[in-house]
Amino acid sequence: MSRGFIDAGFSVKLGVDFDDMALKTFAANHEGAVAKKLDLFDLDNVDKIKEFFDENNYALDVLVGGPPCQGFSLAGPRQVDDSRNVLYRAMVKTARILRPRAVVLENVPGMIQLHGGLVKEKIIDDFTKLGYKMGEPKILYAPDYGIPQIRKRVVFVGLLESETEFEYPKPTCKPENYVTCQQAIGDLPPLIDIVGDKIQEYPCEPQSPYQEMMRKDSDAIHNHEGTIHDPKTKKFIAMVPEGKNYKSLPPEYDGIYKYHEALTRYHSQKPSPTINTGHRSHFHYKWNRIPTVRESARLQSFDDKFIFYGNKTQQYRQVGNAVPPMLGKAVATEILKWLRNNDK
């Protein structure tokens, strides 16, 4: 999300996390931003965020966060004291102290139905009490914004002391023009039966406008390291046609796999399924291996200049947990319009 804000023209000043490699990746890919390691389960650490802005004489325009909401427990009379909710309360406290002109909270779509919608109501109510105009949250569908991945995120936007609600970005891509897997990653080396070098050259010219956009200002391929699978896995995935999964295996293999996404092979002419955090269940539409970190990043709309740090497991987790930058940019562009139209 924050990379998308940069792409829309914002200056990102601070990123807060507790994962060292995520912080390293953030700092390397957000020009001029500071990556600060803080444990936000301790709400007192929100004061350190305020200190950072005070010391640098920054005024905060937009606060962006994606706190987990699984912990909201409403079995009793609106009891929401689960420890996992502290991260959400840290975002509320930050908004109360720093008074950003806009707040953006994103999450998985199922969150708005959590506990019969009471969690959604609490989010709206908490920010409304702080003076934010909160409309209904919006579920944004990534392919509608030119992203080659079937992914949905729910987004809440609050505008400080605004008379009008936020206008969410309109889709820019029709279903018949959705960017496909092949259009997204078809130009990357196949890495058949080898573990590729971490930095590689492009083997061909861009084969689609999307690839051209992803390769802008990049002269090498990073994070494109192949995986060698055991013979059994390769044997089974070789039997699965593109766009299908383990259910396409011959009848004699019934019962071997029970996980509903097992052996899911991408379809070259469709967007990919939702990128996960590195589970070995998704496979390349053509090659008998899981996608590389770079292929997953491409499907998430991270351009090739964006380099991920850490071991492969950490890199996959960073990619899978992210909001697609192009989706972040779409939201950020509309917020920027509102800020400029409401300058005081």
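The model is predicted. Mean pLDDT of the protein chain is 92, with 93% of its residues at 70 or more.

Reader: Why is Gly15 called buried?
Author: Its relative accessibility is 9%. The cut-off for buried is under 20%. Gly15 therefore counts as buried.

Reader: What makes Gly15 part of a strand, and which one?
Author: Gly15 falls within residues 14–17, the run assigned as strand β1.

Reader: Which residues are in contact with Gly15, leaving aside its neighbours within four places in sequence?
Author: Leu23, Phe26, Val34, Ala35 and Lys36. Contact here needs heavy atoms within 4.5 Å.

Reader: Why does Ala95 count as buried?
Author: Ala95 has 0% relative accessibility. Buried means under 20%. So Ala95 counts as buried.

Reader: Where does Ala95 lie, and what is in contact with it beyond four places in sequence?
Author: Ala95 lies in helix α4, residues 86–98. Its contacts are Leu63, Pro100, Val103, Phe127, Leu130 and Tyr132.

Reader: What separation do the C-alpha atoms of Ala95 and Gln182 have?
Author: 42 Å, for residues 87 apart along the chain.

Reader: How do you know where pLDDT stays under 50?
Author: Residues 73–80 stay under 50 throughout, on a scale from 0 to 100. The model has 15 contacts for residues 73–80 beyond four places in sequence. Where pLDDT is low, predicted coordinates should not be read in detail.

Terms used:
Residues numbered from 1 in each chain as written. Predicted model: local features only at pLDDT ≥ 70, side-chain atom pairs only at ≥ 80, totals over all residues. Heavy atoms only, no water. pLDDT = per-residue confidence, 0-100. Helix = DSSP H or I, 4+ residues; strand = E, 2+ residues; numbered from the N terminus. Buried < 20%, exposed > 50% of the residue type's maximum accessible area, 1.4 Å probe, protein only.
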